[in-house]
Amino acid sequence: MSQATGFTNCTPRNELPYLFAGQAQKEFFVNEALSRLDMMLHPTIETIISAPPASPEPGACYIVGAQPSDDWTGKEGSIAGWIDGQWTFVAPNNGLIVYDRQTAGSLVYRDGWVRHQAPSLPSGGSTIDTEARDAIEELVAILRQHGVFP
């Protein structure tokens, strides 16, 4: 015997609003879902800040920093996007990767935002393998080029 499906008012992972039969102004809910998808499809942030900028560009996104203020109060760690003249907030899930324009590097959400740091390049030592050092330096340079390290 099949069970009746019980829907909440939004999707569990990205909080996209569901539509319901007989719902008024469905376009409002569809547009909200499209705005959230636009923010999160290939997420790019300008930087991490704690207060909303005075004049954000349409579509600009930010990670809400520690001790947020003004319209961002209570949204620490969320992604804030300026869409249609208002802030839209998306709570990150573990595994989310965003590109940070300010540092030209990536951040990963793992119970908090983590920025990968490039390892220290080898130096010193009693035995020096120049080929291995060159290979390590090349790998780190490639990872920087691809935005893994700032």
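I began with aspartate 129 and found its place in the loop between β8 and α2 (130–145). Helices (H or I, at least four residues) and strands (E, at least two) are DSSP runs, numbered from the N terminus. The model is predicted: local features need pLDDT of at least 70, side-chain atom pairs count only at pLDDT 80 or more, and totals for chains, interfaces and linings use all residues. Residues are numbered from 1 along each chain as its sequence is written, and side-chain values use heavy atoms, with hydrogens and water left out.

I looked up the exposure of aspartate 129: it is partly exposed, at a relative accessible area of 44%. Buried means under 20%, exposed over 50%, and partly exposed in between (1.4 Å probe, protein chains only).

I then turned to the sheets. Two strands pair if DSSP finds at least two bridges between them. I noted an open sheet of 4 strands in the order β1-β6-β7-β8, with mixed pairing. Here β1 (44–45) and β8 (113–115) stand at the edges with a single partner strand each, so one side of each lacks a neighbour in the sheet. Strands β6 (residues 97–100) and β7 (residues 105–109) run antiparallel and are joined by 4 bridges. Valine 98 has leucine 107 of β7 opposite.

I recorded another open sheet of 4 strands, ordered β2-β3-β4-β5, also with mixed pairing. Its edge strands, β2 (48–49) and β5 (86–90), each pair on one side only. Between β3 (residues 61–64) and β4 (residues 79–83), which run antiparallel, I found 3 bridges. Isoleucine 63 is opposite isoleucine 79 in β4.
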